[in-house]
Amino acid sequence: MPNRIRAGALTALAVAGLTALTALAAPAGATAPATRQPAFLSASELPPHPSSSWTAGKVTDGVPQELGLCLADVFPGYDSRYREFRTDLDTGARQLTIVTGSAVKAKALADRMNREIRSCPERIEEDPETGAAHRDYGTVPVEEGARVHGLHTWTSWGATDVRLLSVGRDGRTVTVVDWSQLGDFTDAPVRDFRKTTGTAVGKLY
């Protein structure tokens, strides 16, 4: 019986000691911070379409298939989510967010994405029936920065498409915004897309 009493007393002291250490380590009233998910663009924040409104889909885990054209070899095993946007015509868009383990890793990921987009025409033109061209539309001064790209693709049978892509970063989170429709560079709403890019990065957190 004395041994049981002693063991019970030691357990009580250990619990009391841990409780005291916890109280000293955290300020009064403090609670563990909740993990915040990055926020996404709304339909009204996309470049205006001249004849159709945008519709936003649900935020979904994973990576949109359309980004595989230029970024298939980049996506890491981090937490990634995306939202698709549609119009009633041939214009669509999507936003991807990737939360990495640190700001250093996020910067490296964003830098690689920008390189992969710039070199994307070379890979597209491995198909002899397809041509492609890239344009750099510069940076957007928001959070840790964003860069805007244009990509025009065409085929020997007459199909032609234009895309605007941007890569931006806020801390350890990277976001990619992708807009596309039939046409060429003259059909791309670069000014409005730059504004959309700034909004996308600015509202992540």
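1. A residue is called buried when its relative accessible area is under 20%, exposed when over 50%, and partly exposed in between (1.4 Å probe, protein chains only). By that scale Lys107, at 43%, is partly exposed, and so is Asp111, at 30%.

2. A word on the ground rules: this is a predicted model, where local features need pLDDT of at least 70 and side-chain atom pairs count only at pLDDT 80 or more, while totals for chains, interfaces and linings use all residues. Residues are numbered from 1 along each chain as its sequence is written, and side-chain values use heavy atoms, leaving out hydrogens and water.

3. Now to the charged pairs. A salt bridge here is a side-chain nitrogen of Lys or Arg within 4 Å of a carboxyl oxygen of Asp or Glu. With this rule, 8 salt bridges are found.

4. One of them joins Lys107 and Asp111, with N and O 2.9 Å apart. Both sit in helix H3 (residues 103-118), and because they are 4 residues apart, about one helical turn separates them. Helices (H or I, at least four residues) and strands (E, at least two) are DSSP runs, numbered from the N terminus.

5. Arg94 is buried at 7%, and Asp178 is buried at 0%.
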